[in-house]
Amino acid sequence: MKINIKDIISNLKKAIIRFPLSMGIASVATLAALGMVARHSTEDNFLVRVLISGIIWYFASIASYISFEKYKINPHYRNLISLLIGLLFVGTIFYLPKSETPYLYWYQSGLLTFVFILAVGFIGFSLKDSMLSFWFYTKTLIFNFLISSLFALILQIGLSLSLLSLDQLFNVRINENWYAYISIVLWGIFHAWVFLSLFPNDNSEPLVKVEKLVKTLSLYIMLPVVALYGVILTAYLSKIIIIGIWPEGYVSYLVINYSIAGLLTFYLAYPFLKEGFLKFLHFIYFGSLIPLLFMLFAAITMRSNEYGITVNRYYVYLIGIWFLLISIYFLLKKFDKIWLIPVSLSVFVLLSTFGPWSAFSMAANSQKNRLEQLLIKNEMLKNGKASKPAKTIDEPDAKEIFSIIEYLYLHEGTDALQPYFDTTLTGYSKKSSYYDIAQLLGIDGSKINHFVNNSRYYNVSRTWKESFGFEIESHYYQKINLSQYNNEFEYQLGSNEFNTELTKQEIVMEFKNEKIRIPNTVLFKNFGAKNNIEPNEFVFVSETNQLKVSIYFENISFEMIDNKIIINRMNADVFVKLK
């Protein structure tokens, strides 16, 4: 392996000329991420939207430049397409919602990014190109991305250690934000710059020739692991056929993992599967995949029949169908036209993202049907409008109705629920507003047992100074992170020690022999009955004769053991003001 540093420096200069819009978008997205760190939060939604839009259109712009070069697009059309991508970048910022919900838009953003990433891998090739050149090109892209990541990681470690040395050896106070700033600039701008500088063209040679490494990785490491995985899943399939017990839902994800691992292995091993028994290996893999996929369909159908279609279940079906079609094709044909893998996957994903057949429309319609059936069963639906029940409904039905309202609100927003209510729902804009919507039907979400597998977890993000109702500078501040395994924290408060301990029953804070005790049951009463908590609600304040303590929780995890509530772990900003 020989890396020419002069070539790297030369290519870095060419990258800005070759991919100007991509570098520009990456820079703007990086600035947005820096702004989020400076504000100590992701709560500034405008910056989040800039970052997400930047990620989407960064990859889209790369794909556009590849097509310009491949198909020799007229410079006037190049400028027009680049302008269009720039406008879409700005437009997406304002298209995305100004709050964390509905999730629909964020899902669509992720899926669109994935499509553009796939497009980067295939848009520069036509049917006239050989499959070996296509494999070589995509392999080079993957390894160039890994090389760029390695460069960024080495620099991140080196610069972070330098700052730490200044802090520890010379007592130079380094704000912790600088570590985050270094990471963001390196992974946002430097990584993009190096990756684009290494981007292959028709005449370029790879920076590092890794064919032997790829062969060893795919044939002698990945293939045996995939084979073992396949044997285990096939044995499990034989077991459920013999004993007649239908598979659990989680087996779907095991099959998907096997499918992805196997396909990636054969994709990487493509040039080496031309000789001897190796050319028959893909028949074994794709042949074994088909019965496992039917097991996947059986498992996910059982869950769907019980709880309806959700976005996640939709994509389990979609991935299963795509793998089934790919398997049948490569069983009937030899494993050759590997360009079909990214192209067909991008088409499937794109079709599932928008339109009435999309994951979001199908899932919303399924959950609405479930909601209507439950409302009709409990005589709560008249002339298409929902109302409070005339009598108390069973807890399982109440929990199901509440769960569906939560799902529709978080994923689709109030638009999905508005047809069922005469009351206008546009004012229900908080993340936890589905509690209020459920109250319109007489369902109190706070009284429903929300423990899942005997545990509950809460997390919020907040802006820094804007979230606290006092001048921070007038308080002692400390961030604490406690768990049942690391349950004590001690720091200096003025000339005295301030101790915090997390026991199985309570949080205990001690200062000058005065103790503040916060029972777990009190915290759970305040927070634990809710599925989502607003930042201004995730606060606990207590006072003694000497001080006032304000605890601004970032996350907390409750666990139910023997009908007792225990705090497993917590992370919080603690502000102390001496009286």
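Close-up 1. The model is predicted. Between Lys 479 and Glu 554 the closest N and O atoms are 2.7 Å apart. Glu 554 counts as partly exposed, at 25% relative accessibility. For the salt bridge of Asp 573 with Lys 479, the closest N and O atoms are 2.9 Å apart. Asp 573 is in strand β11 (residues 564–578), and its pairing with Lys 479 ties together parts 94 residues apart in sequence. Asp 573 is buried, with a relative accessible area of 2%.

**Close-up 2. A salt bridge joins the side chains of Lys 377 and Asp 397 (3.2 Å, N to O).** Lys 377 belongs to helix α13 (residues 359–377) and Asp 397 to helix α14 (residues 395–412). Lys 377 counts as exposed at 57% relative accessibility, whereas Asp 397 is buried at 7%. The whole structure holds 7 salt bridges.

**Close-up 3. Helix α4 has Ser 82, Ile 85, Phe 89, Thr 92 and Ile 93 as its buried residues.** Down the axis of α4 these residues fall within an arc of 110°, so they line one face of the helix. They pack against α2 (20–38) and α3 (45–71). The face turned away from the buried side carries exposed residues, including Tyr 77, Leu 80, Leu 83 and Phe 94.

**Close-up 4. Asn 74 caps the N-terminal end of α4.** A side-chain oxygen of Asn 74 lies 2.7 Å from the backbone nitrogen of His 76.

Definitions and conventions. Residues numbered from 1 in each chain as written. Predicted model: local features only at pLDDT ≥ 70, side-chain atom pairs only at ≥ 80, totals over all residues. Heavy atoms only, no water. Buried < 20%, exposed > 50% of the residue type's maximum accessible area, 1.4 Å probe, protein only. Helix = DSSP H or I, 4+ residues; strand = E, 2+ residues; numbered from the N terminus. Arc of directions from axis to C-beta. Contact = heavy atoms within 4.5 Å. Polar contact = N/O pair within 3.5 Å; in protein donor to acceptor, adjacent residues only side chain to side chain. Salt bridge = Lys/Arg side-chain N within 4 Å of Asp/Glu carboxyl O.
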